[in-house]
Structures are given as structure tokens and as C-alpha cells.
Number of protein chains: 2
Amino acid sequence: MTRITADVRFLRGYNQALVMGVGRTARRFERSTVVQATGLTPQAVSKVIARLSADGLIRATGVRRPGVGKPAVVYELVPDSRYAIGAHVARRTLRLVLVDLAGTVRHSAVSPLPGDFTPQQLLDALAAGITAITGSSDVSGRLTGVGIGMIGPLDHAHGLVRGAHGLRHWHDVPLREIAEKHLGLPVHLDKDVTAGITAEAWRHGATFGDAALIMIESGIGGGFWLGGAAHRGAHTNAGEFGHTVVDLNGPRCVCGRHGCLEIVHQHAIEAGDIDRAARVVAVGVVNLLQTLDLAHVVLAGADLLRHPDTYLAAVTEAVQADARRVHWLTTKVTLSGLGADAIAAGAAMQILDRHYGIPELAPT
Amino acid sequence: MTRITADVRFLRGYNQALVMGVGRTARRFERSTVVQATGLTPQAVSKVIARLSADGLIRATGVRRPGVGKPAVVYELVPDSRYAIGAHVARRTLRLVLVDLAGTVRHSAVSPLPGDFTPQQLLDALAAGITAITGSSDVSGRLTGVGIGMIGPLDHAHGLVRGAHGLRHWHDVPLREIAEKHLGLPVHLDKDVTAGITAEAWRHGATFGDAALIMIESGIGGGFWLGGAAHRGAHTNAGEFGHTVVDLNGPRCVCGRHGCLEIVHQHAIEAGDIDRAARVVAVGVVNLLQTLDLAHVVLAGADLLRHPDTYLAAVTEAVQADARRVHWLTTKVTLSGLGADAIAAGAAMQILDRHYGIPELAPT
DNA sequence: AAAATTTAGCAACAGCGTTGCGTAATAGAG
DNA sequence: CTCTATTACGCAACGCTGTTGCTAAATTTT
């Protein structure tokens, strides 16, 4: 991993992203808010605000009278100033969302995908769906790109699908490249779970610490947010959390090992014992906490959302039991606030992040 | 986690750190090497090299004749220009090392610690050991600080030992503060495993991708290097890898759960079955790979080093079996090249990192 | 000896946040 | 009403970064 040089443009993007982060988190903000949140000098904040205003990303919306002194100008993000489209590619469905600069899902639509669909069929479905969305909304000139979240394995850096689980026509498909050509828009390709955790990080803002998204949807996966960024691993293959062994003498899994979290969970489901299934997931989550020490755990996925309260209760209880010995070990457990849109919305936010988020210093 | 502002001093520190990284990795380097490795312009590299030379951190050491054209000046890091002391605090021993700017261990000494030692006893042992080292080596004015790697739980950001496993006198001890006062040097406090993985990252340089250090030494812990930095987790408590469940129906562990990696491993050891113990660790390592997708796994720790080849073989085999399905999933498994010095040396490197490593943008 | 090639630095420049200071807008005191 | 204290905020100059344009030096090749 060769690091890239940092020049003054990095500073510009970085501090600009800090201010945008404040704007997304707090609906309205003034200069002093930003000064406190970022540590920038008031003068620097003025300059950044001037730049962002000129680009139409934020706007003045009134004044606040603090009692004595000149009233402070109140700013707000302009949600309609930029949009991105997010796609969640699952085995049989394509979910498309339109997300604005504030992170709000403005449109959401699901369409079926042909069984064992080909790359061309996906491209056609994407193009048709995007046309439908841009036709019904006025996003002219403000669409920044398309984010695609899908099952792996894939190579995020090169936009390459190495081979999607359960799909035959997806071996070493350069999806990003052909999608950009087909759609005429910048495309970002990532694993579904990584897109999902990005959405959570966006919604929570700068206060979002290390976190994981547990996704239960025809398999169990994990998306990670560590040190202020998505963690993808050395080969964009992080998150195969369902294939960690929790029962050395357990049943054989499709991956060849015995007692994977996923197969143990599945057996409980097939036995009709949702409570036990939820407790199995809880064991896996506590394993994650022991290993990574997370501040947040977010639960998501279609199968999980069939019994959200059962899973939430089991995981919460296990996490609290684990931390009971000490007062300082606090971890929040929540359901994803975006529901079924989580992955698609996160994929869209990854596009917006490319322009208005913290610039990367270490590419690849 | 409030991010801090980035100003031009960040650029200076960042690009300087890139050049220092090249200097540590390649023993000798010239301007064109740095240009290629960092992406900086030749002129920028000249400026950075001028600054570093003025500080005595690097020096010209000759010329290379590339065939045609003006010969290139060859530079090298000046190892003796800066030193740091590293301390590895275990339950019954204190290991102190002197590390130079190149990352070489120049002195190493182990002294016993009293059973159930107190903070004051540790401070005295530290002071005595440091005096012995500085007495026998000429490090006057070039000692940058003391790094302490010890068992947790602790609070890295505030330099606070919350309570060390198995030690009674260590509850909420502000070790960094009192050690800085007692020793008159800057002190960095971190978990042993985090210090250990930092040492590996230093030795491997910029090419070191996501990695873990597995430490087996009266317990099983893990140190993580993710996204170009040490991963400590939300409460500096990451790495309790030994307390992840791998056998749902396994024996009860001291932590209250059943079938933790650590207790299953310990049972195998007690049964005299080292091979089985090693395979248990291998299962844990593969679990990590599935979750985090690592490029390197480094094995370390006193107990592991009693049977290094057995562990290395078992883990290597399990990792290769896991990756056999695909060609692109490559993970290197190695023993720590620093042996028993790994933790102490890493703690020292954390001090050097503070001055000459990549500056942090997101403190706390 | 002249040309080609490679290395390296000087000087001017653009862009960033910072500092110093002046100005605008308000509330409250006299 | 007038004056003062207070708060908000921007202009201008500055220091620092890496970048660009160009010149000079050192060596091999022709």
C-alpha cells in the first residue's frame, strides 16, 4: 500500500469535509458551532463557508440573536444541491434509491432481477431504474454518480466483481468500468455490508466511533467502520463474519469448516427456534466486541428484520452481560434506522463521500 | 470522536514521515527512490531531505553512478540520531530495550518484578533500568521518550491503567502522568499487543497491509494494524481475542463464557497435546481472516515461542486451506522477527512514531 | 571536444490556514 | 437618546506548504 503525497488540496478537502459533516449532523449551524466542532479558527471557517456557499452546498437561512452583540448568521446544508443514486444488488432483487446531500432517501424502488442474472441484465435493470428515478425527479446536473453495493467477493479498488456467491455469470467482471460506460455516470462498487456501515456512519456523523453492521440476509455478513473509515481488508474481503467458527464440533458448513456461525444459526432457524438463532448471533457479536472493541453494533438485513425485536433483545442482553464487570465498556446496539434501504442508501453515500467526505491519503 | 483541523504543519509532518518511512525500509535511498515511493515532486523531496538533513536525521553517504548523467546522491537514515526506550511490563518481569531511529534494538534487559507489584515498585524498576541503559550508552539529548506496553485493560488516550489482569494494585492508575513526572521523559502507554503490532509495521514499512499479531503468553491476545494505523477500539480494549467463543459447548472460561479460544487452548496444553493447541489457535486465526481479511499474521509470545514451528505450521496450513479456493486471497504467516523483544521494541517505536511517523488527524 | 542525459537546486508562484485589526450590529447602562 | 461593551465577521498581510519553470552541474556517449 503506497501512500500518496499530501498537498494543500488535501487540506482544503479535509477541512471542507469537516464543515460538511457538521452540516449533515446538525440541521442548522452557525460559524461558532463549526469552530467548536473542528478547532479551525473563525477566519478559516469563514473562508470554507464562503467556498461552500459559492458552490451552492450550503446557504444562509437566518440569524440567531444571542442576547448581546451582532447576531450570528445561521447556515444550513442545501439537500437538493447534490444527489447520488444507490443500488443494492441482491440475488433476486435490485433496490435503487435516490439520496440527497443531507443523506435523506428521496426515492426508493425495488425491482426483481432474473434468476442467475447476467452482467448485461443487471446493467439494463440499472439503466431502466435510474431513468425512472431521474424522470420523476428534477436532479438535472446535480447527480454525482451511482454507488453499487453487492455481495462479494469483489475488488473494490479496481471495481471488479471476482465472483458473486450463488451467481454463475459473475467471474472477474469489471463492473465499475462497464457500468460507467453504460450509465454515463461515475460508479463506485463495494460490498453490501461496507455500503451499509457507511450509511450508519453518515447518519451518526463525527461522533460515530468504531462500529459494525451485522447483516443477516441469506447468510451472515459484517461491515466495519474502524478509525473513522470503512474497513475492507487486504483484498476487499473483510466481513465474512458468518464463516467464523463458533462450534468446533458443529455441523459442516458449505465453506468446508465445521460449526460456522452461519450454519449454526441456520440450523436454529430451520428448527423454528428464533430465540436460539438470535442467541447464536449474539455470541458472534460478543466475539467481535472482544476482538475489536466497538462503540456501536447495528443490526440489519431482510432475515433479521423478520424478527427484529428478538434479535435486538438477544444481542443487547449478551453485550450488556459482557460489559457488566466494568462501567467504562459501553456499546450501543441498535437496529438500522434505514431499514431495508440501508445498503442502497450507503452505496449512494459512498459516492457523495468521494466528493464531500474526508479525502483519502492512502489509495488502493 | 471529534476530528482536529488540518493545517500546513500536517503536510510537513506527513510528507516528512513518508520520507522517513522510506529511509527505515530501504537502508540507503536516493531522491528518485523517494519520488517514486511517495509521488512527491523531485523539488518537494529536495526540500524535505534538506530539512531532515538539517535535523541530523538523515545524511548523504555517497553517490550512485546511473550510467549516464549526473550521479545521484545516496542518503541514509542516521540510526544514532534519536533513541527511545521501550518497556514491556508483564506480570512478573520488566523488559527494557533501547531502540534507535532505524528500529534496531540496541540494548535489551529483563529484570524481575515483585509479585503483585505496586505502581511505585514499577516506577522504581523503570527508573533503575533506564539509568542503567543511559549509563552504558551515549544517548545524551537524543532520548525522545519511554514507551510502555502492558496488559490491560487501560485507557491509551489518557494514559490510564484501568486495572491489569492478575494485579491487585492497578485500578485507575494514571501511569503516563506519574511516569512522566518520575522519569522526566515523555511517556506513551499502550496495550502490549498494540505495541507489538506497531513493531511489525515499522519493520515492514509502507508495504505492510492490514495485519494482526497473535500473542500467546499467559493468555491469548491480538494486536491489529488496520488501514495504516494501530486499531485500539472504542475503549482501548481491542485484542481480547482469547475470549472469543469457538466451542459453544466447551469448558467454562474465567471470563464466564463457555468455549473461549483461550480455555480450549489451555486444555489442550494441559493435556500435553501441543499439536491440538496449535490447531485451536489456527481456527482462531482463520476466524480473524474471515472477519478482517488480513495480509499478514504474525505469531509471538513467550508460550508460543516454546513451540514456534508447531504453531507456525498449523496456522500456515489452516490459512492456506482456507484460501485454496481462490488465487487472489493471499495472507503471509510469520513468526515475529523480534522474538521476545517484540512488545518492548514496539512500545519504543510508538514514541518515535509520535515525532517521525504519520501525524494523527483524529485524536482521542 | 561536443552532445546527450540525468541530477539537483534556485526563484517565483498559488493556495492553505493564521494573525492582526478594523467594521458592523446588537443590548444595556447612563 | 447616547455611549459603551459585546459579539460576529471579513479584509489584508503573513508564514508555510508543495508546484512549476528554469538554470547549472556532472557524467557518459558520440
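Residues are numbered from 1 along each chain as its sequence is written, while chains are lettered from A and ligands numbered from 1 in the order in which they are written. In this predicted model, local features need pLDDT of at least 70 and side-chain atom pairs count only at pLDDT 80 or more, whereas totals for chains, interfaces and linings use all residues.

The same surface serves both copies, since 100% of the contact residues of chain A recur in chain B.

The contact takes 50 residues from chain A and 50 residues from chain B, where two residues are in contact if their C-beta atoms, placed from the backbone, lie within 7 Å. On the side of chain A that touches chain B, the elements giving two or more residues are helix H1 (8-25), helix H2 (31-38), strand E13 (220-226), strand E14 (229-231) and helix H8 (274-292) of chain A; helices (H or I, at least four residues) and strands (E, at least two) are DSSP runs, numbered from the N terminus. H8(A) gives the most to this side, with five residues.

Around DNA strand C there are 30 residues, of which A:Thr41, B:Ser46, B:Gly69, B:Lys70 and B:Val73 come nearest; a residue is near a molecule or strand if its C-beta atom, placed from the backbone, lies within 6 Å of it. The elements that give two or more residues to the surface near DNA strand C are H1 and helix H3 (42-54) of chain A together with helix H2 (31-38), helix H3 (42-54) and strand E3 (72-77) of chain B. DNA strand D is surrounded by 31 residues, and the closest are A:Ser46, A:Gly69, A:Lys70, A:Val73 and B:Ala44. Here the elements that give two or more residues are H2, H3 and strand E3 (72-77) of chain A together with helix H1 (8-25) and H3 of chain B.

Within chain B, five strands form an open sheet of mixed pairing in the order E6-E5-E4-E7-E11, with two strands counted as paired if DSSP finds at least two bridges between them. Its edge strands, each pairing on one side only, are strand E6 (105-112) and strand E11 (187-191) of chain B. Strand E5 (residues 93-100) of chain B runs antiparallel to E6(B) and is joined to E6(B) by seven bridges, and B:Val97 has B:Ser108 in E6(B) as its bridge partner. Helix H4 (residues 119-136) of chain B packs on the sheet, touching strand E4 (83-89), E5, E6 and strand E7 (143-150) of chain B, and its direction makes about 35 degrees with that of E5(B); axes are lines fitted to C-alpha atoms, for helices over the stretch in contact, and angles run from 0 to 180 degrees between N-to-C directions.

The axes of H1(B) and H3(B) come within 10 Å and cross at roughly 80 degrees. That makes H1(B) roughly perpendicular to H3(B), a class that covers 65 to 115 degrees. B:Asn15, B:Gln16 and B:Val19 of H1(B) make this contact with residues of H3(B) including B:Ala44, B:Val45 and B:Val48.

Key: Angles under 35 degrees count as roughly parallel, over 145 as roughly antiparallel, 65 to 115 as roughly perpendicular and the rest as oblique.
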